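Please look over the model below before reading my notes.

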Amino acid sequence: MHHRPADLGRAYGISAQTVRNYERDGVIPAARRTPTGYRVYSAAHARALGAYLALIPAYGYPAAGTVMRAVHRGDLDAAFQVIDAGHAQLAGDRETLDSVEAAIGVLVDRPTADRPDRSLPVGAVAHRLGVTAATLRKWERAGILVPRRDRATRHRVYGADDVRDAELAHLLRRGGCPLAHIATVLEHVRGAGGAEPLAGSLADWRQRLAARGRAMLTAAARLDDYLCLLAESAT
């Protein structure tokens, strides 16, 4: 079957110009041209477009483009490396979510009275956790803690939220989590405005990860269809 840009665009809910742009960017193969210069697309172009559009929600625009361009130059190893990295990222995100859920449950259940009602110096926080001040400074360099500095003395001071972050970091560290992983968890906590708001958003976060995993399955099927068609054409 032969398709015009408008035909492919209509089939996938995009404009004819977008189809031409995708051809220009190399995410679908170059079209055959008629003697008058009009583009003519085949079933292979349709499958390539379907594969690319399925890859986008699974891996994002840059990765999807990288995969398709690698396929078109015959470098399947490069394409699969990008896909593998996407799966590794999803697995890491699931691990982060599991850690957040476990740690947030502890913090949310902890009575508010257990939190300090005034700012504490680094030594007091270290004593509270049973660690050294050097450990807290190491966590700060890793992006885990972000205590403010006293304007007069320039010494670190930890507010209630900073102490919460230090307690969460200590909990995760005792569980064997690496510093980079803990920094990611704390970034989510601070971005949500605290432990309680983040606890309420965990279900949505898990649903988003599940949707991404499902999108990866769909993208794999569409890309495999396209690769099978290319293999048939080659033989």
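1. Start with Asp 93. In this predicted model, Asp 93 is buried, because its relative accessible area is 18% and the cut-off for buried is under 20%. Asp 93 lies in helix 5. Leaving out residues up to four places away in sequence, Asp 93 touches Trp 205, Leu 209 and Arg 212. Helix 5 covers residues 76-109, and helix 10 covers residues 195-234.

2. Now take Leu 202. Leu 202 is found in helix 10. Is Leu 202 buried or exposed? Leu 202 counts as buried, at 8% relative accessibility. Apart from neighbours within four places in sequence, Leu 202 is in contact with Leu 97, Val 100 and Glu 101. Ala 79 is another matter: the C-alpha atoms of Leu 202 and Ala 79 are separated by 32 Å. Along the chain, Leu 202 and Ala 79 are 123 residues apart.

3. Arg 206 pairs with Asp 98, and the closest N and O atoms are 2.9 Å apart. Arg 206 sits in helix 10 and Asp 98 in helix 5, so this pair ties together parts that are 108 residues apart in sequence. Both partners are partly exposed: Arg 206 has 29% relative accessibility, and Asp 98 has 40%. The count for the model comes to 13 salt bridges. Why can such pairs form? Side chains of opposite charge can pair when their charged atoms come close.

4. Helix 8 deserves a length check. This helix runs over residues 160-174, which makes 15 residues. At 1.5 Å a residue, helix 8 should span 21 Å. The C-alpha atoms at its ends are 21 Å apart, so the two values agree. After helix 8 comes Gly 176, with a positive phi near 90 degrees.

5. Which residues of helix 8 are buried? They are Asp 162, Val 163, Arg 164, Asp 165, Ala 166, Glu 167, Leu 168, Ala 169, His 170 and Leu 172. Arg 164 is buried because its relative accessible area is 7%. Asp 165 is buried too, at 2%.

6. Follow the charges from there. The side chains of Arg 164 and Asp 165 meet in a salt bridge, at 2.8 Å from N to O. Asp 165 also forms a salt bridge with Arg 190, at 3.1 Å from N to O. Arg 190 lies in helix 9 (residues 179-192) and Asp 165 in helix 8, so the pair ties together parts that are 25 residues apart in sequence. Arg 190 is partly exposed, with a relative accessible area of 28%. Through shared partners, salt bridges join Asp 161, Arg 164, Asp 165 and Arg 190 into one network.

7. Strand 4 and strand 5 (residues 156-158) pair over two bridges. Across this pairing, Arg 149 stands opposite Arg 156 in strand 5.

8. Next, the nonpolar core. The largest one has 66 residues. Which residues have the most contacts inside it? They are Met 68, Leu 136 and Ile 144. Not counting residues up to four places away in sequence, Met 68 touches Gly 26, Val 27, Ala 48, Ala 51, Tyr 52, Leu 55, Leu 223 and Tyr 226. As background, nonpolar side chains tend to be buried together in soluble globular proteins.

9. Last, the cysteines. How many disulfides are counted? The count comes to zero. A disulfide is a covalent bond between the sulfur atoms of two cysteines. Cys 177 counts as buried, at 13% relative accessibility. Cys 228 is partly exposed, with a relative accessible area of 37%.

Definitions and conventions: Residues are numbered from 1 along each chain as its sequence is written. This is a predicted model: local features need pLDDT of at least 70, side-chain atom pairs count only at pLDDT 80 or more; totals for chains, interfaces and linings use all residues. Side-chain values use heavy atoms; hydrogens and water are left out. A disulfide is a pair of cysteine sulfur atoms within 2.5 Å. Buried means under 20% relative accessible area, exposed over 50%, partly exposed in between (1.4 Å probe, protein chains only). Two strands pair if DSSP finds at least two bridges between them. Helices (H or I, at least four residues) and strands (E, at least two) are DSSP runs, numbered from the N terminus. The expected span of a helix is 1.5 Å times one less than its number of residues. A salt bridge is a side-chain nitrogen of Lys or Arg within 4 Å of a carboxyl oxygen of Asp or Glu. A nonpolar core is a set of buried Ala, Val, Leu, Ile, Met, Phe, Trp, Tyr and Cys residues joined through side-chain atoms within 4.5 Å. Contact means heavy atoms within 4.5 Å.
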